[in-house]
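Student: I have a model open and would like to go through its packing. Can we start with the rings and then move on to a helix?

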Amino acid sequence: MTTEMVMVDEVPFPPQITTTKPLSLLGHGITDIEIHFLQIKFTAIGVYLEPEVVGHLQQWKGKPGNVLAEDDDFFEALINAPVEKFLRVVVIKEIKGSQYGVQLESAVRDRLAADDKYEEEEEEALEKVVEFFQSKYFKKDSVITYHFPANSATAEIAFTTEGKEEAKIKVENSNVVEMIKKWYLGGTRGVSATTISSLANTLSAELCK
């Protein structure tokens, strides 16, 4: 049985992936920037979650997707739900890994600082992630994945690009892990509005079932 791929801006995403259990593609979108009316697309994003996540979001039952997309408490509950989460990020426009690392670093650091959680341990953990990306080159179609297990505050980040072995790093600082999740899944402050809106619409429909 072949499963139809979900196309996210011409990038194929499997509708399901299996980590320790099957996870479903519940949201997708892109990161982009507009310069002089020209849209430049950087990455395509797929968000995979355990279907059981809806059980943790029952208080939002009946709310339409456009309302959920604006509700940061909803995304906070999604981030904190004790289910496995997996992000698949595919490079559309090639850049240096260091450029991506800097974006991640400033997004995570700003969020930590705002919550008074940016201490030495966080700085060190974040530095390791930035170093991990430093030496990489993000060719088109390279894949970055973030795997967040259900009941541990860790993250495994992996990077694959054509012709090279997969590289991996584990992040064990729970505050840094939380802010990486928020960078991608943080509602109105998330890095990709299209992904947030897609998640909101899918989960709104799932909650109505």
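Predicted model: local features only at pLDDT ≥ 70, side-chain atom pairs only at ≥ 80, totals over all residues.

Student: How many aromatic pairs does the structure hold?

Tutor: It holds twelve aromatic pairs. In one of them, Tyr-146 and Phe-148, the ring centres are 6.4 Å apart and the planes lie at 10°, so the pair is stacked. Phe-148 is buried, as is Tyr-146.

Student: And Tyr-146 with Tyr-184: what kind of pair is that?

Tutor: Tilted, because the planes of Tyr-146 and Tyr-184 are at 50°, with the ring centres 5.6 Å apart. Tyr-146 is in strand 9 (residues 143-148) and Tyr-184 in helix 5 (residues 174-185), so this pair ties together parts that are 38 residues apart in sequence.

Student: Which residues form the aromatic cluster?

Tutor: Tyr-100, Phe-132, Phe-133, Phe-138, Tyr-146, Phe-148, Phe-159, Trp-183 and Tyr-184 form one cluster.

Student: What lies over the face of Phe-132?

Tutor: Lys-136 does, at 4.5 Å from the ring centre. There is also Phe-13, where the charged end of Arg-88 sits over the ring, 4.9 Å from its centre.

Student: New topic, helix 4. What span should it have, and how far apart are its ends?

Tutor: Helix 4 (residues 120-134) has 15 residues, which at 1.5 Å a residue should span 21 Å; its end C-alpha atoms are 21 Å apart, so the two agree.

Student: Which of its residues are buried?

Tutor: In helix 4 the buried residues are Glu-122, Ala-125, Leu-126, Val-129, Val-130, Phe-132 and Phe-133. They cover an arc of only 155° around the axis, so they are on the same side of helix 4.

Student: Why do residues three or four places apart in an α-helix point the same way?

Tutor: Because an α-helix has 3.6 residues a turn.

Student: Which residues are exposed on the other side of helix 4?

Tutor: Glu-120, Glu-121, Lys-128 and Glu-131 are exposed there. Glu-127, also in helix 4, is partly exposed, with a relative accessible area of 40%. Its C-alpha atom is separated by 7.9 Å from that of Glu-105, 22 residues apart along the chain.

Student: What covers the buried residues of helix 4?

Tutor: The cover includes helix 3 (97-114), strand 8 (137-138), strand 9, strand 10 (155-160), strand 11 (167-171) and helix 5.

Student: Now the largest nonpolar core. Which members touch the most others?

Tutor: Tyr-100, Phe-133, Ile-144, Tyr-146 and Ile-157, out of 52 residues. Helix 5 gives the largest share of this core, seven residues.

Student: What does Phe-133 touch?

Tutor: Not counting residues up to four places away in sequence, Phe-133 touches Gly-97, Ser-98, Tyr-100, Gly-101, Leu-104, Phe-138, Ile-144, Tyr-146 and Ile-157. There is also a second, separate core of 13 residues, with Phe-86, Val-90, Ile-92 and Val-143 among them.

Student: Last one, Ser-142. Buried or exposed?

Tutor: Ser-142 is buried, since its relative accessible area is 1% and the cut-off for buried is under 20%. It is found in the loop between strand 8 and strand 9.

Student: What is Ser-142 in contact with?

Tutor: Leaving aside neighbours within four places in sequence, Ser-142 contacts Val-89, Val-90, Val-91, Tyr-137, Phe-159, Thr-160 and Thr-161.

Note on methods. Residues numbered from 1 in each chain as written. Heavy atoms only, no water. Phe/Tyr/Trp six-rings, centres within 6.5 Å; stacked < 30°, edge-to-face > 60°. Buried < 20%, exposed > 50% of the residue type's maximum accessible area, 1.4 Å probe, protein only. Helix = DSSP H or I, 4+ residues; strand = E, 2+ residues; numbered from the N terminus. Lys NZ or Arg CZ within 6 Å of the ring centre and 35° of its normal. Expected span 1.5 Å × (residues − 1). Arc of directions from axis to C-beta. Contact = heavy atoms within 4.5 Å. Core = buried A, V, L, I, M, F, W, Y, C linked by side-chain atoms within 4.5 Å.
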